[in-house]
Each structure stands twice: as C-alpha cells, then as structure tokens.
Amino acid sequence: MRIAVYCGSGLGNNPIYAEQATELGTVLAQNGHGVVYGGSKMGLMGKVADATLAAGGDVIGVMPTHLQKQESVHASLTEIHFVESMHVRKAKMVELADAFIALPGGGGTMDEYFEVFTWAQIGLHAKPVILFNINGFYDTLLQHFTRMLEEGFIRADQKSLIRVATTADDVLSIINEEKHN
C-alpha cells in the first residue's frame, strides 16, 4: 500500500515529533508500504521520507511549483510530481494513496487531513484516515470531535471514521486492519 503522510515542514519544539516521524517511516517501509507526501526535505516531512528511504521503501513527493523556492525538494525520492497548485497536490495525493496519516503539523496539515476526512464522510473514498496523536498533540481536536458528535454535526455512524494512533505500530495495525476488510 501507499500511505499519504501529512505533517509539518518544521520539526516542532519537542524532539519526540521527529523521533516518531522517523519511526513511522521505518515501520511503514519495513512492512512493505510506500509513502506519498509533500516532497520536501524539511521538517517532519523530511524525517518521514529519509527514514522510509533508508529502510528500503518507496517515497513519492507531490509538490506545487510555487513551494519549490520555500521548501527544498528532497533529492533522493523514488518519484516526484510537480503540480500547479495546492488543490492539485491534494487531489494527486488522494489518487496515489491507499490510506492517510496526519502527524503533528500546522494549518497545511490540518487542511489536508480535514479534506480527506470530509471526503470519507461524504463517500468520495473509503480509505482510512488516521490522526497520529504523538505526545497528545491532537487531544484537543479529539475533544472537539466528541463535541461535534454530541451536538449532532457528525453522525453516530460516522464515528468510526475518526481513527487515532499513538505509535507507529498502532498506525500499522489500522492500515493492516483496513487492508483485510
């Protein structure tokens, strides 16, 4: 399977984010999964890509041309796609991926996560969408999901779309579970 990984182009303030991004890339590659991501060598993005490649996995980057100047393109990728916009980038990543994981990140990570989550909600895809809740990063978002469910803005039958992992092995378990369904 190919796994889209959404995450920060920065490392964050806690070294655990880089450690877990590296662990995720290693675990995915060791279990025969490739990575689709934003194409940068910076931040958590670079850590996932480097670890996946070092463990023998394929890594496909998808980068809008306007970001080539801001985010250094990773030079060792299996494949790189340059696209004209963020909209095209997100669509290309959905096309290439069999599952989606959001590690810690900023607005871009949230945008990418919520788009694929919403597409799952409305039936545009049936691929797993996973929040990798490293160091409790997504705890408050998960509280808000509970509020959305309680207030009727996410239907009870859609609760199963909110997939959460706290370790790379948890991510792998969710992916493997979905692969066998």
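Biologist: What makes strand 1, helix 1 and strand 2 a right-handed β-α-β unit?

Modeller: Right-handed means that, with the strands pointing away from the viewer, the path from the first strand over the helix to the second runs clockwise. Strand 1, helix 1 and strand 2 form a unit of this hand. The model is predicted, so local features need pLDDT of at least 70 and side-chain atom pairs pLDDT 80 or more, while totals for chains, interfaces and linings use all residues. Residues are numbered from 1 along each chain as its sequence is written, and side-chain values use heavy atoms, with hydrogens and water left out.

Biologist: How do you know that strand 1 and strand 2 pair?

Modeller: Strands are DSSP runs of E with at least two residues, helices are runs of H or I with at least four, and both are numbered from the N terminus. Two strands pair if DSSP finds at least two bridges between them. Strand 1 and strand 2 have 3 bridges, in the parallel sense, and R2 stands opposite G34 in strand 2. Because 3 bridges meet the requirement of at least two, the two strands count as paired.

Biologist: What makes strand 4 and strand 7 the edge strands?

Modeller: The open sheet has 7 strands in the order 4-3-2-1-5-6-7, with parallel pairing. Strand 4 (79-83) and strand 7 (163-165) each pair on one side only. From one strand to the next the twist averages 25°, where axes are lines fitted to C-alpha atoms, for helices over the stretch in contact, and angles run from 0 to 180 degrees between N-to-C directions.

Biologist: Which strands does helix 6 touch?

Modeller: Helix 6 (residues 168-179) packs on the sheet and touches strand 1, strand 5, strand 6 and strand 7, and its direction makes about 145° with that of strand 7. Helix 4 lies across strand 1, strand 5 and strand 6.

Biologist: What makes the span of helix 2 close to the expected one?

Modeller: The expected span is 1.5 Å times one less than the number of residues. Helix 2 (residues 43-54) has 12 residues and reaches 17 Å, against 16 Å expected. Just after helix 2, G56 takes a positive phi of about 90°.

Biologist: What makes H125 count as buried, and which residues does H125 contact?

Modeller: H125 is in the loop between helix 4 (107-121) and strand 6 (129-132). Its relative accessibility is 10%, so H125 is buried. Leaving aside neighbours within four places in sequence, H125 contacts F100, V116, W119 and A120.

Notes. Buried < 20%, exposed > 50% of the residue type's maximum accessible area, 1.4 Å probe, protein only. Contact = heavy atoms within 4.5 Å.
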